[in-house]
Amino acid sequence: MLVEKRTKEVGEIPMCSMADIAFLLLVFFLVTTTISTDKGIGILLPQWGDQKDVPKKNIVNVLINAAGQVMIAGKETPIPLIEKDIRERLEAPGMRDLLIVSLKPDKDTEYDVFIEVLDQIKLSGAGRISIAEIEK
Amino acid sequence: MKFNRKSKVKSNIPTASLPDIIFMLLFFFMVTTVLRLYDGLVVDLPAAKSIEKIESRRHTSYLWINYEGRMSFDDFVVNIDDGSLYKRAYNRRMETPQLMMSLKYDKKVPMGLVSLANDELRKATALIVNFATRFKK
């Protein structure tokens, strides 16, 4: 008996354009990807209704009025000098971990000025910063 | 004069694995890409030096306040008076425990409004915040 050999036909999917398709998708993702540019000054807000009593000598008050003038512990200070002032206070013996900088802006102070002052305080290396609530 | 023919050895670069390489790159970009999520409001951010980057955009929500005092929380218009800011922030915080708030406030916004908005976030227990700024040279 003669058994016929089956012809071996191999079905092929053309693969040569696969790279092109993949490249096209790759370029699409490359173009649409935006690298994260979100940056800013990080702060941890206190919990609502959370109040702690702190000895007054550990607090330094930084007041900002509506015109953008800054007063540190009762003395008017130009904004670029805040960093130096706070740093000196931090360097006083035993104050590095205890000093709390309390930032009190007026309700009409512009946010821009507030950020400038906050930036200066952050640059001075102060770790404990509190932002006072503004009375309505 | 007779020139010698160059050798007939053909040099081939094997391209069979090219799609694999490209696909690998493609998957890398697909996985790492976070498409732009929100449009927000037009704000002019203040500038600062002591800034830090927000690491994970997936766990970040945005609050915009423009110079007119209009607010937008992740592209929803919100308000302090009707409690919608609190509700949005609270729901988002329940979904994402490690929520980080990126606060995009305009330079001209008065601190009274900033304080009110921050109080709402505190009530909603969204305590990790980042005051978005540009980098000051």
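User: Which residue in strand 7 of chain B is the bridge partner of A:Ile41?

Analyst: In this predicted model, strand 1 of chain A and strand 7 of chain B, residues 128-132, run antiparallel and are joined by 5 bridges. Within strand 7 of chain B, A:Gly40 has B:Ala132 as its bridge partner. For A:Ile41, the bridge partner in strand 7 of chain B is B:Phe131.

User: Which residue in strand 2 of chain B stands opposite A:Gly40?

Analyst: Strand 1 of chain A is also joined to strand 2 of chain B, residues 52-53, by 2 bridges, and these strands run antiparallel. A:Gly40 has a bridge partner in strand 7 of chain B, namely B:Ala132. In strand 2 of chain B, the residue that stands opposite A:Gly40 is B:Glu52.

User: Which element of chain A gives the most to the side of chain A that touches chain B?

Analyst: Between the chains, 37 residues of chain A are in contact with 45 residues of chain B. On the side of chain A that touches chain B, at least two residues each come from helix 1 (18-32), strand 1 (39-44) and helix 3. By class, that side has 19 nonpolar, 8 polar and 10 charged residues. The element that gives the most, with 9 residues, is helix 1 of chain A.

User: Are helix 2 of chain A and helix 3 of chain A parallel or oblique to each other?

Analyst: Helix 2 of chain A (residues 82-91) packs against helix 3 of chain A (residues 111-123) with the axes 8 Å apart and at an angle of about 40°. Angles under 35 degrees would count as roughly parallel, and roughly perpendicular begins at 65. The two helices, whose crossing is right-handed, are therefore oblique.

User: How many nonpolar residues are in the contact of helix 2 of chain A with helix 3 of chain A?

Analyst: From helix 2 of chain A, the residues A:Ile82, A:Glu83 and A:Ile86 meet A:Val117, A:Gln120, A:Ile121 and A:Leu123 of helix 3 of chain A. Among the residues of this contact, 1 is charged and 1 is polar, while the number of nonpolar residues is 5.

User: Among the elements of chain A, which has the lowest mean pLDDT?

Analyst: For chain A the mean pLDDT is 83, and 93% of its residues reach 70 or more. Where pLDDT is low, the predicted coordinates should not be read in detail. Among the elements of chain A, helix 3 has the highest mean pLDDT at 91, whereas the lowest, 83, belongs to helix 1 of chain A.

Technical notes. Residues numbered from 1 in each chain as written. Chains lettered and ligands numbered in written order. Predicted model: local features only at pLDDT ≥ 70, side-chain atom pairs only at ≥ 80, totals over all residues. Axes fitted to C-alpha atoms, helices over the stretch in contact; angles between N-to-C directions. Helix = DSSP H or I, 4+ residues; strand = E, 2+ residues; numbered from the N terminus. Parallel < 35°, antiparallel > 145°, perpendicular 65-115°, else oblique. Left-handed = near helix turned anticlockwise from the far one by under 90°. Contact = placed C-beta atoms within 7 Å. Nonpolar A, V, L, I, M, F, W, Y, C, P; charged D, E, K, R; others polar. Pairing = 2+ DSSP bridges. pLDDT = per-residue confidence, 0-100.
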